[in-house]
Amino acid sequence: MDKLETHVASLDAEHELAMPGPGDLFPEPDTAPSARRMVLNMGPQHPSTHGVLRVLLELDGETILRARPEIGYLHTGIEKECEVKKWQQVTPLTDRVDYLANLINNLCYALAVEKLLQLEVPEMAQWMRVMLSELTRLNSHLVWLGTHALDMGAMSMFFYCFREREDILKIFEMFSGQRMMTSYIRVGGLALEPPRGWQKVVSDFINGFDSKVDEYEELLNANPIWMQRTKGVGIVPLETLIDLGVTGPILRAAGLKIDERKDNPYSGYEKFDFEVPTYTGNDVYARFLVRMDEMRQSTRIVKQALAGMPAGAWIAKAPGIILPDREQMKTQMEALIYHFKIVTEGFPVPAGEVFQVVESPRGQLGYYIVSNGSSKPHRLFMRTPSFANLQSIPAMLEGRLLADSIASMGSIDLVLGDVDR
Amino acid sequence: MLPEPLAEHPVAGPLDQRFPGAIVEGKFALGEVSLFIDPARIVEVCSALKQDFAFEQLTGVTAVDWWPQEPRFEIVYQLHSISKNRRLRLKVRISEHDGLDSVTPVWRGANWYEREVFDLFGVTFSNHPDLERIMMPADWEGHPLRKDYPVHGHRYSYADE
């Protein structure tokens, strides 16, 4: 008993000591400038960083003095991995770089390797690639819109956007068997023949989509809370943005008409009629408007692709590079030999280098591929848009309020897999 | 020396005249232009390209390791002229212990790309504002994208025990 009592008494004493006196609870504010500064660690697990981004913020009250992004938490070494994979084995890795724009990453890789191989892709495959790229853009923008609005408290937007996104993922699943890691665009064409009845599924979705965009705009465009949170926030001069290597919707929101689909058309984009939306606000609100307009333009492109889809082969005929038809393998010895050689040895790609750029939902996506003539890439560098866009974070945040940092970061549309690779 | 089709090129020709000897070699293949630049003169060539040839944006910087050849590294700069809708590739050949001048004073966007090359290839850039590892942890040993670095790594990132 003695022991217990002394123990309780000692606890009491500690408790007494720990209890702050009135002066400790409300200390006199220290007004020296050095005392008002603090360093706030945001992330890597913060929900509004959309992944594992860490930003160190030096604050003076609520004003950000300095911001320093720390990346690398999602570094998976995909570029190193590509160097030990055969050319055809790289395609599934490209899905995992930007997991919201997987088909556009597939396309960029396929175009680059086809350029090295000087391989002609059938027209139907090209049109299908364009259609799927634009559906991917819709998918990516929907995720961006939902999470960006959620960050700023508009929760219902998230549900509406993911409702439509689900339809797009079902289309991807119908085509490739996979919802996200599709690997559907391969070197030479497509991975599989398009499924029976795809026209109806895509047209049902796309014909109803314009009214869905109307719904989003009704909810947000003139919403006073949304305008207050986004207007005049995150402004960086256009020259600085270009200097920092920023591309995509951020530049278009600053009034620069830049779009790789128009400037250097690839995969037959020159046959499609669409506009490049630009705004001059250069703030979070303008970036929002640009992406909303891009959704309408993507819808237009998908409709045109649906109406004018040519018939024909879905993959190029290139013995020794493209896997032969299953039926041919049962009757022709050459087909069987080619199949065996491609699967075991891979196919050689002529020595050379190529830098292929496509327009991803986030900006310019570039694959720089160096081949030494073997069946594996010698070097594959992914110029991902998010990596360059993320460099503009200090310029966007410094000197602004802490609450605006969420809106600014959302407007960059970060995908951390795309940053860290 | 510039090969025949490049002497007519709107950038390569005038650049060669303005900086005699700075362009070591030129290549034109698959519709893309690559110019090999003398490593000591990369910054002056780059600032001239930005100021007078309208290459406003640096799309990316990376390296290619040709180990065991010497010089083992090729540093690759992808330049983009937005106003002229033109792309250009600059290359610099350096060996393992040669440093290179940073082009961050020319394009601010080079900052992270050079940090990445430093981190993954071990090439040092002098005059860089903040040359630290960017992808790998700060205490990491080795440079993973080098060809003599095994794919599975030398050790795990956490304690082996």
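Across all chains of this predicted model, the structure holds 17 aromatic pairs. One of them is formed by Trp127(A) and Phe272(A), whose rings are tilted, with 55° between the planes and 4.8 Å from centre to centre. This pair links distant parts of the chain, as its members are 145 residues apart. Trp127(A) lies in helix α7 of chain A, which covers residues 123-151. Phe272(A), by contrast, belongs to the loop between α13 (260-263) and α14 (284-308) of chain A. Both Trp127(A) and Phe272(A) are buried.

A further aromatic pair consists of Phe158(A) and Phe159(A), and its geometry is edge-to-face. The ring centres of Phe158(A) and Phe159(A) are 6.0 Å apart, and the angle between the planes is 75°. Phe159(A) counts as exposed because its relative accessibility of 51% is over the 50% limit.

Trp127(A) and Phe272(A) also belong to one aromatic cluster, together with Tyr266(A), Tyr269(A) and Phe274(A). Within this cluster, Phe274(A) additionally has a charged group over its ring: the charged end of Lys262(A) is placed there, 4.2 Å from the ring centre. A second contact between a charged residue and a ring involves Arg421(A), which lies over the face of Phe387(A). In that case the distance from the ring centre of Phe387(A) is 5.3 Å.

Note on methods
Residues numbered from 1 in each chain as written. Chains lettered and ligands numbered in written order. Predicted model: local features only at pLDDT ≥ 70, side-chain atom pairs only at ≥ 80, totals over all residues. Heavy atoms only, no water. Phe/Tyr/Trp six-rings, centres within 6.5 Å; stacked < 30°, edge-to-face > 60°. Helix = DSSP H or I, 4+ residues; strand = E, 2+ residues; numbered from the N terminus. Buried < 20%, exposed > 50% of the residue type's maximum accessible area, 1.4 Å probe, protein only. Lys NZ or Arg CZ within 6 Å of the ring centre and 35° of its normal.
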